[in-house]
Amino acid sequence: MYTYVRRAIGATLSMLALGSVQVSTERHDRAFLEDLISDYLNALVARDPSSLPVTTDVKYVENDQILPLGTGEWRTAESLGKYNHTFSDPQTGQVATITTITENGVGAIYLVRLKVEDDGNISEIETQITRDPGGVALYEKLGQPQLEWFEVIPEGERIPREKLISQTDKYYTGMQRNDPKGDYTFFDKDCNRLEDGLQTTNVKTGDPYGHSNDTAFAALTCEEQFQTGFLGFVTRIRERHFPVVDEERQAVFAITTLDHNGTVRSLPSVNGTSSPIPLYFETPRTLIAMEAFRLRGEKLYRIEMTLTEAPYGMRAGFPEDPDMGLSGPGTDLTIPSPCNQACLENTVEDVLQALKSHDPSALALAEDVHYSENGQLIAIGDGLWETLAETAKAGTDEYAAVFADTERGSGGYWGLTKEHTIPGVLALRVQVDGGKITEIEANIVRAEFSDSRGGTMTLMRPPLPVEWDGRSPGQLDAAFSGNSTGVKVSPALLNDYFDGLEVHSSKGVPFAVGCNRRDNFAQENVTCAAQLDGKGTAPNGLTNSISTVRDRRILVADANKAVVLAVALVDEPAVGPNLSPTARIPGTYLVPQLIKINNGTISRVESIIKWMPYGYTTAWAEAGETHDLSLRLDLKSKRT
């Protein structure tokens, strides 16, 4: 049974032995709520959550990741900026703010929503950190929000809460696939929008908009922009939450998730022509947005938006949409059972072909088959099923290999891919049981590079210790493809390796003499053991300030090739002295890797690295014991 347990995780993790500070019960009027969120921000930069009045099961979410209160931004925030825009909802006891902060010497836009219970204690904390230094500078230059946001509207001129929400929701409905023939009269004729502090409507600067080269879009009104159909690259807007509704000021604070599935190939321009889609949108993307709306009458008058990127298909930290029924419908086809080495390898090739042809119907899929990309369960037919064009072929192309684990019925692939024009590396697991494919797990790391319009870089992420910009990786080491004499892979050996990575020590980790490793296709002139000890420019492709190595999982253990296809999540808390530029921002690295075993020692390591929001956890790890993860590396560390 595949069930998200994020709510339970939140209840379990939220308290780090923090005492609940009791406050007197009172009506949560505007002054109370605004004082409370001010106290919250002061506690944040003081790095002292113990001063906050919170419930015993307070749930803390940061960029859609559920974290223990006191971690993440609580360990890096330093000071508050000048800009602060607060929204209060006395009726529901919720309050939110858009402000600026400094973390480890770098500016960020910081948004937070608090839910307050009747006793005055905080039960929900939802934050978004938009790490856009340019946006921070714009906000600091503004200094304060426009005065019309604070205008108290006479009662006779107000529209009710339900109407405020429904009118705001029209914005998202209109943006989703953005039909140029839609009715956009819900915009006020004087509507203006800010995006990360930048006005993006009614401006005549001639600057390109976003990732595009269109220099006329930002000169249009809000309504005119929607009438172009330009925003159609936003293919779905889900998790539409409207938690803070300020009826007195006719304002709404909304939280949404925007999916871009990578299938839109061109943008309509203002002059009626079209241009190729920016490279950024050639692959599936998910953006999470917090934004505020001020209405004048029944029309949207002011919009203030900020966003950041999350893994494609990311589930909201406070989900309200119903579970999307992500299990596949299944097919009538079958494969041999049991499935031997050749059968598993052929099944992997069949899955790759189905992905490239965008047609899963030729596969022997179980009725409850599940599919994930980079740890997020998504529907079969979504993600790579719509964008994958090419995969390197094992035995023919330089950089590809196929693996089989007959003991547990899993097949694997590691190789180069191309989605439209964007290269990547795919680490794939296919699980077979009873003549059916029951699970398909894709870990895809795409090339990331910058250009004048942003390139393909994940929004708001810090630089990686080792970047891969799409240049050819050369040949995959032949050691990963050659047959051995049937080596049983010891999970304990892999666990020792991950333990060593976590504690920056090679003690007790059996490396072969002459062991080599590459990380994002870069090879240090340092031994495998020395890198585990923290030596080198970017040891193990990471920093020396990483902490926990968790969600350690063997995807495929091929005894005939003595190769393990594994994945782990590595936390970078951005805490410590003399942090490098790559370590100033909290993050989590998703690290698929190939590990070659030779006579009980590790002789080769090939890893690819993708940055994720701090605290990221995959759906496979969240499901815990509900999954057949018999190869999960949950052994206790023997290190002292």
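**Ground rules.** I number residues from 1 along each chain as its sequence is written. Since this is a predicted model, local features need pLDDT of at least 70, side-chain atom pairs count only at pLDDT 80 or more, totals for chains, interfaces and linings use all residues, and side-chain values use heavy atoms, with hydrogens and water left out.

I looked up the largest pocket and found a volume of about 1,100 Å³. (On a 1 Å grid over the protein atoms alone, a pocket is an open set of points where a 1.4 Å probe fits, with protein on both sides within 12 Å along at least five of seven lines; lining residues have an atom within 4 Å of a point. The volume is the space filled by probe spheres set on the points, which are joined across faces, edges and corners.) I noted 46 lining residues, with Glu195, Asp196, Gly210, His211 and Leu307 nearest the centre.

**Core.** Next I checked the largest nonpolar core, which has 37 residues; Tyr171, Met175, Phe187, Leu231, Phe233 and Phe293 touch the most other members. (Such a core joins buried Ala, Val, Leu, Ile, Met, Phe, Trp, Tyr and Cys through side-chain atoms within 4.5 Å; buried means under 20% relative accessible area, with a 1.4 Å probe and protein chains only.) I also found a second, separate core of 33 residues, including Leu355 and Ile444.

**Phe318.** Is Phe318 buried or exposed? I found Phe318 buried, at 9% relative accessible area. Its contacts (heavy atoms within 4.5 Å) include Lys59, Arg113 and His241, leaving out residues up to four places away in sequence. The C-alpha atoms of Phe318 and Gln65 are 9.6 Å apart, though 253 residues separate them along the chain.

Terms used: Buried means under 20% relative accessible area, exposed over 50%, partly exposed in between (1.4 Å probe, protein chains only).
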